[in-house]
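Here is a friendly walk through a model, meant to be read with the viewer open. Take a moment to look around before reading on.

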Amino acid sequence: MKSWNKSKPAILMADQLPAILVLAPLFGAMIIGLAGTKDHKICFPITLASLLVTLVVAVAAAHQVFEHGPIDYFVGGWKEPIGIGIHLHIDSLNVLLLCAIAVVAVLVSFFSIRRIGDKNTEKTPHFYTLYLLLCVGLFGITIAGDAFNLFVLIEVSSLTSYGLIAMGSSKRGAFAAFNYVLMGTVGASFYLLGVGYLYLKTGTLNMVNIRDILSTQPEIAASRAVSIAFLFILVGIWIKMAFFPLYGWLPNAYSYCPSSSACLLAPLMTKVSVYVMIRVMVSVFGLEWVFASPGWSNLVVWLAVIAIVAGSVLAMAQREIKKMLCYLIVAEVGYMVGGAWLADEGLWGLTGALYHILADAAMTLCLFLAAGIFAKRFGAKKITELEGLFKEAPWTAVGFVVGALAMIGVPPTCGFFSKFYLIRGGIDAGHWEYVVALLLSSLINAVLFFRIFEIAYFGNKPAEGHAHAHDDEPAETALPSSEIPTWTGVFPLLVTAAIIILLGIFNGEIVAMIRVVLEDLPNLASRL
Amino acid sequence: MLSKVFATIAVVITGGILLYGVSDFPGFGDPHSPANAGVPGQASISQYFITESYGDTKVPNIVTSVLADYRGYDTMFETVVIFAAGMAIFAILRVVGDDSERKPRRKQESSFTNGDHSRIIIGTTCRLLVPVIQLFALYVIAHGHHSPGGGFQGGVILAASFIIIALAENLNSALKRLSETNYLKIACIGILIYAGFGVMCQVLESDFLDYGVLQPILMTDGPEMARSHSMLGVEIGVAFTVTAIMFAIYANLSSRGLLRDGL
């Protein structure tokens, strides 16, 4: 696979970018399935190689999108009439997310390195197969231009994430995964029901085609079935992204699973779901249709406000680090959903939401990596157990502090700029409750993280003695730090911290890239 | 109790909304509904499939031509879904690396010789049935593009023939015929066959899964027949994966991941 990639002429390679993006990890997963069970040593190199291919392809796709415009790919060459085949689409709305997925997957793969022969490593090939298939699913969701194809890839990513969450030996992880299976299945079914209703009214599954029909046939666009389709698609995706009242599965699933699974899932799954919501709003129904009745968007913004406040308050009540971070994800999802639904004239809310997808992926990755390192090396899971750990692990502390400052929203980290754009959208749209919720959440984040800084920096209890506090949780009892090379955790953490700051410094360029597509949309040009 | 009340309320609301939408649907079997005839001013996709699919692909079964060619990308990922489900189940259930667990709990005897007469009847019946089931499964796979059937259905039937061996005798005699290493390999090879057909098209400088360009390799007259043959090829790939994963899921679930004794 990779050998012919290199031998192919450059012109042709460029046409095949969307296909290679999903095929490289797919082939990697199959090779691990074939050969990895015999020899566990090859699993990690194959995983890294196929993810690096996707990273190169994602960057190449970004180059092509910003130089030559959106990439359209028709699988099997079935182009005309539109809708008979499957359409893959890369434009400035999703190309940066593709890069983000590839970067996160590559970085987390370093964190997932474990010494061959350690305890619980006999399932290494299973882990990496699921890991790569999850990446296939996420890439596929992001490039899908077909409503049903999106569902199929949501299934791929969901099934693999259930497996990744339940893989640890902890009973609570398995139970959390079971809860997630139930909720995730309901979410996927809702999405599918919505697509079914939409197909009944429009007779097509292609996103571009559906939007053409809805914008040229007002009686179809106004029909009850289409509204109900939108409602079901929206609720289905909300379950997948853990939007406030539907978040029940998330905290346990992400805090009781193996650290490497959490680091991959927490930054990506919810963010890709937010992207799906925005894609459905922009490319399937069209923003005109979605924002036609202000009552609905006001309702969603209020729900987002509740999500932000509730997520932040619940985070304050947590004693475990990962649980706290999980509730912060619930709040961040509120940021993005609220931002996307602000419906302000300049679409700054939507822009902020798209920028925040990238920023939040980096921040969540950073914090989860740091929490994972603390748990893996020192057995510190509760906030109080962090005492003195900043001195023990200074580089991890640097990464954690950068991630935390971004979460609070301190310039020049990306967290500040995403809040800036979201607040601008909120003020433009007159949604003051959303602005207040954002500021309140920043304040709560500041309280939360400075409390942790205080404990971890000034606390002087030695880190020893915590390791045996978790006999009931055999998933990740503290290993002596010599067993896993330290750099496998610290290297991705520091890269992520650098990305957080770079995303912040280059926020103007990134936002300009994101807004390219919003300006491209014909019926939005008037709004901007 | 309270949770049941809430669940009932949620179900009633969801059902109510769905039914409210149903009243807006086109009539059942209405030939002018958007799904059948397209919306005014747009080419109808269903009409295209009905009129053109035989000419495009030389496959009389329209369902197969849509499934394996026009929307072959979806079907490939449906196969990946099954593979992922299997992998997740192995990752959670399979007990590996513990030698004390490997020893059989009770002495393994062939059920045909241990004097259990009721098992003789079951065993002999299954022995007679299994070849017929497998032959039928192969027919369903091979004839999928001409009549109802295909890789998914045929693969499930083929897996059923192994499961029936495991039920009638014991899991070990089924695993002797399809061992753990083999079913994992077969599952991966199935997907590699499917994706391989797609990548071959890319190597021949066309789009992924554009089977028409495989004409020189498959030595068919015309790209349409190449599409037809490739569809058979990908159906076989699907059947590989489905057979292996269905049997593997049964083997892991029935033995709690130990792969011995079984039910």
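How are H11(A) and H13(A) oriented to each other: roughly parallel or roughly antiparallel? This is a predicted model, so the geometry below is computed from its coordinates.

**A helix pair in chain A**

Start with the angle. Helix H11 (residues 224-241) of chain A packs with helix H13 (residues 259-285) of chain A at about 165°, and their axes are 8 Å apart. Angles over 145 degrees count as roughly antiparallel, and therefore H11(A) and H13(A) are roughly antiparallel to each other. Their crossing is left-handed. On the H11(A) side, the contact is made by A:Phe230, A:Ile233, A:Leu234, A:Ile237, A:Lys240 and A:Met241. H13(A) brings A:Thr270, A:Ser273, A:Val274, A:Val276, A:Met277, A:Val280 and A:Phe285. Sorted by class, the contact of these two helices has ten nonpolar, two polar and one charged residues.

**Around helix H9 of chain A**

H13 also turns up among the neighbours of helix H9 (residues 207-216) of chain A. The buried residues of H9(A) are A:Met207, A:Asn209, A:Ile210, A:Arg211, A:Ile213 and A:Leu214. They pack against helix H7 (147-166), helix H8 (171-202), helix H10 (218-221), H13 and helix H14 (287-290) of chain A.

**Chain B as a whole**

Now move to the partner chain. Chain B has twelve helices and zero strands, and along the sequence the pattern is α-α-α-α-α-α-α-α-α-α-α-α. Its overall numbers are gathered here.

| Property of chain B | Value |
|---|---|
| Radius of gyration | 24 Å |
| Box of the C-alpha atoms along the principal axes | roughly 70 × 65 × 35 Å |
| Buried share of the 263 residues | 44% |
| Share of contacts with a separation of 6 or more that join residues 24 or more positions apart | 65% |

For reference, a compact globule of 263 residues would have a radius of gyration near 18 Å, against the 24 Å of chain B.

**Where the chains meet**

The contact between the chains takes 53 residues from chain B and 59 residues from chain A. On chain B, helix H1 (2-22), helix H2 (34-37), helix H3 (45-57), helix H4 (62-70), helix H5 (72-93) and helix H10 (180-203) each supply at least two residues of the side that touches chain A. Which of them gives the most? That is H5(B), with 14 residues. The residues on this side of chain B divide into 33 nonpolar, eleven polar and nine charged.

Methods: Residues numbered from 1 in each chain as written. Chains lettered and ligands numbered in written order. Predicted model: local features only at pLDDT ≥ 70, side-chain atom pairs only at ≥ 80, totals over all residues. Contact = placed C-beta atoms within 7 Å. Helix = DSSP H or I, 4+ residues; strand = E, 2+ residues; numbered from the N terminus. Nonpolar A, V, L, I, M, F, W, Y, C, P; charged D, E, K, R; others polar. Axes fitted to C-alpha atoms, helices over the stretch in contact; angles between N-to-C directions. Parallel < 35°, antiparallel > 145°, perpendicular 65-115°, else oblique. Left-handed = near helix turned anticlockwise from the far one by under 90°. Buried ≥ 20, exposed ≤ 12 C-beta atoms within 10 Å, placed from the backbone. Rg over C-alpha atoms; globule rule 2.2 N^0.38 Å.
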